[in-house]
Amino acid sequence: MTLRKRIVACLDVTDGRVVKGTRFVDLVDAGDPVELAARYAAEGADEITILDIGATKDGRRTLVDLISRAAAALDVPLGVGGGVASEADAAALLDAGADKVAVNSAALREPDLIGRLAHRLGSQSVVIAIDAAAAPGGSGWVVRSVAATEDTGRDAVAWASEAVERGAGEVLLTSIDRDGTRSGYDLALTRAVAEAVRVPVIASGGGGSAGDVADVFEAGASAALLASTLHFGLLSIGPLKEELAARGISVRPPAQPPDVEVLAAWLG
């Protein structure tokens, strides 16, 4: 069975509002997270991802109340990340209605956390979020942590492979170099990671057109994440899916409810 490709609407949240910038800086307000999440779900998004981008830098937990309100407004899967540093943090988000949680900086500090989360929550609920930038000299990609402000020195492809072996059921892969630029996804990065792991890869950073989305699917991504292009009306999910379908890409029609293929995609 060929799994349908997914469109993931992403909401970067700080101080209770959706924000978006370029390469994680120059943030501007983009709206209310619950309202936007519900709108994108109604328009045909296969999943919603909410990332509390200030949680790790501020040393606080993700906004559980916000997640609870968003989950109540949605009929599509909800992924959450930002500030997840323990099994208790992740469990609280699932209790609030999230379907899966993304770990990033905490997993880099303590890789064993991935396995503990997978054991307690199931691999299908554990996403390894990787913020990657081109390595000096242009050879490969390095991982950054703490909202992409710290260079870890880790190779991004190797870290993705290790995290999956430890129990992550999905990879959320963000190109820092392309984030917010709408210049197209980093296809080489996406392809390298997709070929290295046995679980779905969500490509993030740089999507600006239907052609960009089609290209990243061709590069091996199972899902394409969109943020600023949706927030600022440059793309709409319904017409996007229509164009992808016209290109021969299997996607869920906007009017069709989510089906078991979404769960199958999580399970890899």
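These legends go with several close-up views of a predicted model. In this predicted model, local features need pLDDT of at least 70 and side-chain atom pairs count only at pLDDT 80 or more, while totals for chains, interfaces and linings use all residues. Residues are numbered from 1 along each chain as its sequence is written, and side-chain values use heavy atoms, with hydrogens and water left out.

**View 1. Helix 4 meets helix 6.** Helix 4 covers residues 87-95; helices (H or I, at least four residues) and strands (E, at least two) are DSSP runs, numbered from the N terminus. The axes of helix 4 and helix 6 come within 10 Å and cross at roughly 40°. Axes here are lines fitted to C-alpha atoms, for helices over the stretch in contact, with angles from 0 to 180 degrees between N-to-C directions. The pair is therefore oblique (under 35 degrees is roughly parallel, over 145 roughly antiparallel, 65 to 115 roughly perpendicular, and the rest oblique). The crossing is right-handed, meaning the near helix is turned clockwise from the far one by less than a right angle, with anticlockwise being left-handed. Glu87, Ala88, Ala90, Ala91 and Leu94 in helix 4 meet Leu113, Arg116, Leu117, Arg120 and Leu121 in helix 6, where contact means heavy atoms within 4.5 Å. Sorted by class, that's seven nonpolar, no polar and three charged residues (Ala, Val, Leu, Ile, Met, Phe, Trp, Tyr, Cys and Pro are nonpolar, Asp, Glu, Lys and Arg charged, and the others, Gly among them, polar).

View 2. Just after helix 4, Gly97 takes a positive phi of about 120°.

**View 3. Helix 6 against helix 7.** Helix 6 (residues 112-121) and helix 7 (residues 156-166) have axes that come within 8 Å and cross at roughly 35°. This crossing is right-handed too. Asp112, Ile114 and Gly115 in helix 6 meet Trp159, Ala163 and Arg166 in helix 7. The class count for this contact is three nonpolar, one polar and two charged residues.

**View 4. Ile130 in the largest nonpolar core.** Such a core is a set of buried Ala, Val, Leu, Ile, Met, Phe, Trp, Tyr and Cys residues joined through side-chain atoms within 4.5 Å. Of the 72 residues in the largest one, Ile48, Ile128 and Ile130 touch the most other members. Helix 7 gives the most to this core, with six residues. Leaving aside neighbours within four places in sequence, Ile130 is in contact with residues including Val143, Trp159, Val171 and Leu173. A second, separate core of 11 residues includes Val8, Cys10, Ala129 and Leu172.

View 5. Thr190 sits in helix 8 (residues 187-196) and is buried at a relative accessible area of 3%. Beyond residues up to four places away in sequence, Thr190 touches Leu173, Ala203, Val216, Ala219 and Ala221. Arg182 is in the loop between strand 10 (170-175) and helix 8, and is partly exposed at 37% relative accessibility. Arg182 has a positive phi of about 55° although it is not a glycine; most residues other than glycine have a negative phi.

**View 6. Lys241 in helix 11.** Helix 11 (residues 237-246) holds Lys241, which counts as buried at 2% relative accessibility. Setting aside neighbours within four places in sequence, Lys241 is in contact with Ile7, Gly44, Asp46, Val251, Arg252 and Pro254.

Conventions. Buried means under 20% relative accessible area, exposed over 50%, partly exposed in between (1.4 Å probe, protein chains only).
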